[in-house]
Amino acid sequence: MTSPRHISVRQIAEQAGVSHATVSLALRGSPRLSAATRDRVCAVAQTMGWRPNPAVAAWMAHRRSISQPGRSETIAFLNSWPDLKEWARYPWMTRYVDGARARAEELGYGFDEIHCAKMGMGARLQKILFSRGIRGVIVGSQGPSSPKPALDWSQLATVAQSYTTNGLKASRSLNNYYLSMRTAMAELRALGYRRIGYASPLEVEGRTDQASLSAYLGVQAGLDPEERVSVLTWSGSDRKPLAKWLEQERPDALLLHDVRIRTTLADLGVRVPDDLGLAWLSLHPEWQIALPEFQGLAGIDQRLERCGSVAVDLLVSRLSQNELGLPEEPVLALTEGVWIPGPTVRAAGTVPDVVKKRAPAGRQAPSRS
């Protein structure tokens, strides 16, 4: 009996009733063949026990690259955000793409950002990918009105940017929101803060799969009762509950995703950091330079360029092994964020008198020893 390791292309061709060239194209997932032919040949090969040889695959990829100077395989980033001007305002989008592009070029791949909000993510987009010979795609974060992904995923190697592509069983590369929250709370506690609050739009919780919220509640569960603060959530642009929540909970520090709360706090007469320490969980260095409302913020830099770079690594790994189609066991690659200090949180020391005054009724402000 022939060992599966020694199954040849010609043996598969004979069994499938096709030429060895057709088998070679099918096993590479070439778009030059119909999907039906590729599937049939691959099914025959799998039944016979054929397995790809990674060393041979790498060598053949190298030979193809040097035989076609100036040409390289292209990776596509599928941007389905309806308003591209709005999309460009968000560094968690643009930084991710910048990191992915840089890594693709470093590895010798082309990189093509395709705007598909108007064309949809179905037959028309599939035709464009086919015509450009694109086999690897990164599906970008989607907004509420983004078109639903409906491609023939069996012809593509796919990685998703975030949790917003729910229903798409693809590997993902994103920030470790859970660890970022725990890191931020640890840094604030190291500065002497004890009643640390968390305020978040419900839309953000959906985008992060409630990872930040889960981490916050997990840390809170281990605190003394007088240090626990309830979570504030809201929907849309309504931040009116903030004033009542501040009065009721009396936090001495606040973690947030929506930086516009900073303006609301100023309108309420809350001084930062004298009355309340403030830390942002989605810190972007370039915004701190360009936009006044972001200047001086302490918080977590999610290192989104690194997230984009890892997405390309995941994709290239699948392409090099000719692993097209959505994986049975998707990989979740999480990049650690880093704490960035800033003047919106005070230095370690004794509790300011104003914090003692803000302690909830019936509770005594905890001492900092």
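Hi everyone, I'll walk you through a sheet, a helix pair and one glutamate in this structure.

This is a predicted model, where local features need pLDDT of at least 70, side-chain atom pairs count only at pLDDT 80 or more, and totals for chains, interfaces and linings use all residues. Residues are numbered from 1 along each chain as its sequence is written, and side-chain values use heavy atoms, leaving out hydrogens and water.

Let's start with the sheet. Six strands form an open sheet in the order E2-E1-E3-E4-E5-E11, with parallel pairing; strands are DSSP runs of at least two residues, helices (H or I) of at least four, numbered from the N terminus, and two strands pair if DSSP finds at least two bridges between them. Strands E2 (110–115) and E11 (332–335) stand at the edges with a single partner strand each, so one side of each has no neighbour in the sheet. Helix H14 (residues 304–320) packs on the sheet, and its direction makes about 165° with that of E5; angles run from 0 to 180 degrees between N-to-C directions, with axes fitted to C-alpha atoms, for helices over the stretch in contact.

Now the helix pair. The axes of H1 (residues 9–16) and H3 (residues 35–48) come within 10 Å and cross at roughly 115°.

Finally, is Glu227 buried or exposed? Glu227 is buried, at a relative accessible area of 8%; buried means under 20%, exposed over 50% and partly exposed in between, using a 1.4 Å probe and protein chains only. Glu227 sits in the loop between helix H10 (211–221) and strand E7 (232–234).

Terms used
Contact means heavy atoms within 4.5 Å.
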